[in-house]
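Please look through the sequence and the model below before reading on.

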Amino acid sequence: MAARATWKGFLKISLVNIPIKVFPATESSGSIAFNQLHGECQTRIQQKRWCPHCSREVPNSEIVKGYEFEKGRYVIMSDEDLDKVRPESTRVIDLVQFADASAIDPMYVDRTYYLAPDGRMAADAFAVMRDGMQGKVGVGKLALFGREYLVAVRPHERGIVMHTLHHAAEMRSIEAIDELSAVPAKVKPEEMKLARQVIQTFEQPLNLADYKTSTAKDCSGSSTQNRGEEVVTTMTDAPPKVVNLMDALKKSLDAVSAGKKKTAKATTEKPVAAKRKRA
């Protein structure tokens with residue numbers, strides 16, 4: 001089934017404006033969602049807006065928006081006030097800077113979208129800018145649906161992808177993690193050597209398609225057999241705690257080596273067994 005564009009706009013680079021269509025790069029159907037139910041009658045729970053001061057449910061007509069400038073003190077913002085500061089939707093991806101593709105830290109990426117040319121007339125300019133951006137990433141702003149987004153644009157295969165980014169002010173500094181203060185700055189060379197050997201034994205070409213979640217499959221399969229019944233799964237043993245790092249690394253190497261020998265032995269015995277069967 002062909003993908004549908006969520007909105008249309010323009011990719012602006014200096015005086016060049018390319019009509020584009022925007023497509024989500026992720027599938028919401030790939031994840032599984034749960035509803036909250038009352039365990040006794042299995043009725044879906046309703047979420048109600050409750051005022052603890054008045055001890056009653058509050059209708060939408062009585063709800064206002066407020067900005068907390070001090071603990072427990074708010075400035076009420078009306079729709080007219082918000083309209084004054086809300087950016088006008090232009091549907092223009094305005095790129096104002098280019099940098100090396102590696103300059104964007106993956107931590108800043110929020111969501112990813114595909115960009116495609118809107119019409120045959122835009123396809124040529126789209127291809128030229130795509131190839132011209134090879135190895136680079138463009139950074140700019142997008143005003144859409146009354147909100148301004150920080151975005152990054154880069155070429156990807158035959159198309160272009162756009163990432164919405166978190167602002168630097170949204171990112172929590174790693175210095176705020178107190179537990180990291182106990183992590184040593186230097187490690188023992190012999191431990192690091194063994195650790196690299198263990199890591200190298202697991203190195204292979206990466207294909208994320210090989211990793212699939214079993215949650216959705218297990219839930220959908222059990223739903224036909226356990227309608228209205230509690231699904232019980234077996235508990236797995238917790239991994240043992242590491243007492244001595246060197247011993248754990250050595251045992252890891254031994255386990256990997258034993259597994260490879262077992263696999264190699266099985267592959268060499270299969271042809272012999274096949275010959276005997278034919279005889």
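Is cysteine 41 buried, partly exposed or exposed? Cysteine 41 is partly exposed, since its relative accessible area is 45%, where buried means under 20% relative accessible area, exposed means over 50%, and partly exposed lies in between, as computed with a 1.4 Å probe on protein chains only. This is a predicted model, in which local features need pLDDT of at least 70 and side-chain atom pairs count only at pLDDT 80 or more, while totals for chains, interfaces and linings use all residues. Residues are numbered from 1 along each chain as its sequence is written, and side-chain values use heavy atoms, with hydrogens and water left out.

The cysteines lead on to another matter, that of disulfides. A disulfide is a covalent bond between the sulfur atoms of two cysteines, and here the term is applied to a pair of cysteine sulfur atoms within 2.5 Å. A search of the whole structure finds 0 disulfides. For cysteine 51, the closest cysteine sulfur belongs to cysteine 54 and lies 3.8 Å away, which is too far for a bond.

The strands come next. Strands (E, at least two residues) and helices (H or I, at least four) are DSSP runs numbered from the N terminus, and two strands are said to pair if DSSP finds at least two bridges between them. Strand β1, residues 7-13, pairs with strand β2, residues 16-24, in the antiparallel sense over 7 bridges, and within this pairing tryptophan 7 has valine 22 of β2 as its bridge partner. The two strands form a hairpin with 2 residues between them, and serine 14 in the turn has a positive phi of about 60°. On β2 there is also a pairing with strand β8, residues 109-117, to which β2 is joined by 5 bridges in an antiparallel arrangement; here isoleucine 20 stands opposite proline 117 in β8.

A further set of pairings involves strand β9, residues 136-144, which is mostly covered, with 7 of its 9 residues buried. Strand β7, residues 92-100, runs antiparallel to β9 and is joined to β9 by 7 bridges, and aspartate 94 has lysine 141 in β9 as its bridge partner. β9 also pairs with strand β10, residues 147-156, again in the antiparallel sense and over 7 bridges, with glycine 140 opposite valine 151 in β10. In the hairpin of β9 and β10, which has 2 residues between the strands, phenylalanine 145 takes a positive phi near 55°.

Which residues have the most contacts inside the largest nonpolar core? They are Ile20, Ile93, Leu115, Val153 and Met162, in a core of 20 residues, and the elements that give two or more residues to this core are β1, β2, β7, β8, α2 (120-132), β9, β10 and β11. A nonpolar core is a set of buried Ala, Val, Leu, Ile, Met, Phe, Trp, Tyr and Cys residues joined through side-chain atoms within 4.5 Å. In soluble globular proteins, nonpolar side chains tend to be buried together. Contact, for its part, means heavy atoms within 4.5 Å; leaving aside neighbours within four places in sequence, leucine 115 is in contact with residues including Ile20, Ile93, Phe126, Val153 and Met162.

Threonine 164 is found in strand β11, residues 159-165, and is buried, with a relative accessible area of 7%. Beyond its neighbours within four places in sequence, threonine 164 is in contact with several residues, among them Tyr108, Arg111, Tyr149 and Val151.

The charged pairs complete the picture. A search of the whole structure finds 6 salt bridges, a salt bridge being a side-chain nitrogen of Lys or Arg within 4 Å of a carboxyl oxygen of Asp or Glu. One of them joins aspartate 94 to lysine 12, with the closest N and O atoms 3.9 Å apart. Aspartate 94 lies in strand β7 and lysine 12 in strand β1, so this pair ties together parts that are 82 residues apart in sequence. Aspartate 94 counts as partly exposed at 29% relative accessibility, and lysine 12 is partly exposed with a relative accessible area of 27%. Arginine 130 forms a salt bridge with aspartate 131, where the closest N and O atoms are 3.0 Å apart; arginine 130 is buried at 15%, whereas aspartate 131 is partly exposed at 44%.
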